Amino acid sequence: MMEARHLDLTSAEEECGDSAMGRVRRAYATLEPGERLEVVTGVAEHVFGIRAWSRRVGGEVLEESTEPGSTRLVLRRPAPSAS
Amino acid sequence: MTDYAHPEVLVSTEWLAQHLEDPAVRILEVDWDPASAYELGHLPGAALVDWQKDINDTVRRDILSRDQFVSLMERLGVTPQTTLVLYGDMRNWFAAFAFWTFRIYGHRDIRLVNGGRRKWFEEDRPVTEAVPVFPAATYPAQEPTAGLRQFLPGVLDILGRSDHGLVDVRSPAEFSGAISAPPEYQNEGARRSGHIPGAVNIPWAQAIQEDDTFKPVEQLRELYQSRGVTPDKTIVTYCRIGERSSHTWFVLTYLLGYPRVANYDGSWSEWGNSVGVPVEKPATEAPGSVPA
């Protein structure tokens, strides 16, 4: 299995840059079908947003684990279904 | 919150939780990117204000007109007596911008949620995807409030004046001229980078704590006064497009009670693109030098 790409949102948010969800969306958009994206965040608003957004775009949340101050989610871009 | 100069403009998430169904209150989520925030989930009863479409003129570069403001209030079922409670994405930047804009057009009772979306979600409070519909209201135009907005000629006039202060609330990288805008905001870039001469750099985030609530008043006072941003001066805040500087405008005006604070919403995306205006840049290359 291909190694998941990694996006760390726990570092101080940019004071001038894109939103956390914007960064997730841009990273997800580069995934090939079947490829995974591991996102780490310490913000509950991000966790909610990633789950809800993933549902909307038909993505899969494969794993979710929480440690004090940090949540790790693994998303997968699904392969297109055979017609 | 009671030590702030005007604590009435700030509400806690706890207060808001108790007023979700208060008919005198209209809760507005002000988002720069509703698809990444409001549309995924918002506070029960909160209506969306789309910063790009609702708070700005979508053709020329300006805030919404007075007529557009009246239409927006009427569409949201707001009367001049309604208590507006604002919060939003991007850590309340755009909610603060809406606060500033609505105040310009004279709405009296506006409040900002201390900690905003982030604190609400952190506290695991209720969230919904349901979009409320309100009966349209009649909103007579109010008398605009003067002195809250600054334009480029006005900023040029105050350069070098000791009775005025300029606060650049951008990141140190933007202030120093290392960048003019991050790559994902190409349309906010400028031909020149650096800062307005005489400005002090106090990034907006220095006014908030880990949970996005505002710092206590004594810490805020120390933060600004230690950098020469004192209440005896007329203060002008700016950033790149005027939203982060609205946040600092809010802090100086309402939490510290400075009497004369204006937001220069043209900010760096105007100044850095203007011909002939002075720019301070620590590591300026010699004119005509060729980049390596």
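Reader: How many residue pairs are in polar contact across the interface of chain B and chain A?
Author: The rule finds six, with both residues at pLDDT 80 or more. A polar contact is a pair of N or O atoms within 3.5 Å; within protein, one must be able to donate a hydrogen and the other to accept it, and residues adjacent in sequence count only if both atoms are side-chain atoms. This is a predicted model, where local features need pLDDT of at least 70, side-chain atom pairs count only at pLDDT 80 or more, and totals for chains, interfaces and linings use all residues. Residues are numbered from 1 along each chain as its sequence is written, chains are lettered from A in the order in which they are written, and side-chain values use heavy atoms, with hydrogens and water left out.

Reader: And how many salt bridges across that interface?
Author: Three are found between chain B and chain A. A salt bridge here is a side-chain nitrogen of Lys or Arg within 4 Å of a carboxyl oxygen of Asp or Glu.

Reader: Which residue does Glu45(A) form a salt bridge with?
Author: Arg117(B) is the partner of Glu45(A), and their closest N and O atoms are 2.7 Å apart.

Reader: How many residues does each chain put into the contact?
Author: Chain B gives 27 residues and chain A gives 20, contact meaning heavy atoms within 4.5 Å.

Reader: What classes are on the side of chain B that touches chain A?
Author: That side has 13 nonpolar, three polar and eleven charged residues. Ala, Val, Leu, Ile, Met, Phe, Trp, Tyr, Cys and Pro count as nonpolar, Asp, Glu, Lys and Arg as charged, and the others, Gly among them, as polar.
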